[in-house]
Amino acid sequence: MALQVLLRSVLEWTDVQSLLLFLLVFLLISDHFRRRNPKNFPPGPWALPFLGNVFHLDTKQPHIHFNELVKCYGNVFSLHLGGVNTVVVNGYSLVKEALINQGSTFADRPDCPLNRRINNCQGIAFNNGYSWKQATAGNSRFTVSTLRDFGVGKRSLESQILEEIKFLHQAVLEKSVCAFLREEIENHQKDWDPSAPRDFIDCYLSEIEKRRDDPEAGFHEEGLCYCMLDLFVAGTETTSTTLLWAFIYMMKYPEIQGR
Ligand code: HEM
């Protein structure tokens, strides 16, 4: 009631046009302060209010466009993307410095409500903080070390991949990836023997038991499902695109192919 009276008196006092103008100026100023960069922030193209650099992105050929931005602003530049101030780092040595040498400084993800809605920030790729470290890069480095124990990165895995891919192909044709993963977890739980782990799922089931008194670490059945989904999604498109580029480069430079 009080708000209605206040609104009515404001509207009587001023006309709609000036109210809209005031609102616009207010939004512009708050947007400016929200996106204000610290003093040492890397340079970048001028950003539009509200929209940022959305029109600076050439989504068809982003690699070529980013190269042009490098020529203009150097190997470290900034963009305003979706309301977030983003720093873009280019070149092997700088990327290595940021993601490997200073890895723990940069190992944090922005809080994204969409991720919370989709998988409650479980698994690996949308996880963050303590449970992400336990799953991937903490003292236990669970995912990385478990996958290595089962031969990831070694040539000996090739024959197993070729064997497994037949079953995976068949299963994915018959049902969705999620349904397939859930069924696999259930099957593993039925004849699980902690003293003889057969694969990643068995090791994760052991980790669930070990971490019962540390729920913050995020090891539970739901987390296992999202972890596998992340490995599946993160490992397929990336690998096929990398192979595709490798083939394209070898076609372009046949002398490399000859080696
Ligand atoms: C040549 C192939 C691959 C490329 C180029 C690639 C590239 C990348 C990159 C750039 C990231 C970092 C994303 C970020 O946090 O911003 C990443 C993360 C990740 N990749 Fe790969 N990847 C490849 C293969 C794979 C494979 C085979 C797997 C699974 C077995 C995998 C699983 C993951 C997972 C789970 C993450 C998230 C890690 C985390 O959140 O800490 N990737 N990958």
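## Basis of the model

Residues are numbered from 1 along each chain as its sequence is written. Because the model is predicted, local features need pLDDT of at least 70 and side-chain atom pairs count only at pLDDT 80 or more, while totals for chains, interfaces and linings use all residues.

## Overall form

The protein chain has 13 helices and two strands, both taken as DSSP runs numbered from the N terminus (helices H or I, at least four residues; strands E, at least two). Its radius of gyration is 25 Å, well over the 18 Å that the globule rule gives for 259 residues, so the chain is more spread out than a compact globule; the radius is taken over C-alpha atoms, and the rule is 2.2 Å times the number of residues to the power 0.38. Along the principal axes, the C-alpha atoms of the protein chain fill a box of roughly 80 × 60 × 40 Å.

## Packing of H10 with H12

The axes of helix H10 (residues 177–190) and helix H12 (residues 221–252) come within 10 Å and cross at roughly 130 degrees, and H10 and H12 are therefore oblique to each other. Angles under 35 degrees count as roughly parallel, over 145 as roughly antiparallel, 65 to 115 as roughly perpendicular and the rest as oblique.

On the H10 side, Val177, Cys178, Leu181, Arg182 and Ile185 meet Glu221, Leu224, Cys225, Met228, Leu229 and Phe232 of H12, a contact being counted where C-beta atoms, placed from the backbone, lie within 7 Å. By class, this contact of H10 with H12 has nine nonpolar, no polar and two charged residues (Ala, Val, Leu, Ile, Met, Phe, Trp, Tyr, Cys and Pro count as nonpolar, Asp, Glu, Lys and Arg as charged, and the others, Gly among them, as polar).

## Packing of H10 with H11

With helix H11 (residues 200–210), the axis of H10 comes within 10 Å and crosses at roughly 65 degrees, and the two helices, H10 and H11, are therefore roughly perpendicular to each other. Glu184, Ile185, His188 and Gln189 of H10 and Ile201, Asp202 and Leu205 of H11 make the contact.

## Ligand surroundings

Around the ligand lie Ile124, Ala125, Thr136, Asp230, Leu231, Ala234, Gly235, Thr238, Thr239 and Thr242, each with its C-beta atom, placed from the backbone, within 6 Å. H12 gives the most to this shell, with seven residues.

Methods. Axes fitted to C-alpha atoms, helices over the stretch in contact; angles between N-to-C directions. Contact = placed C-beta atoms within 7 Å.
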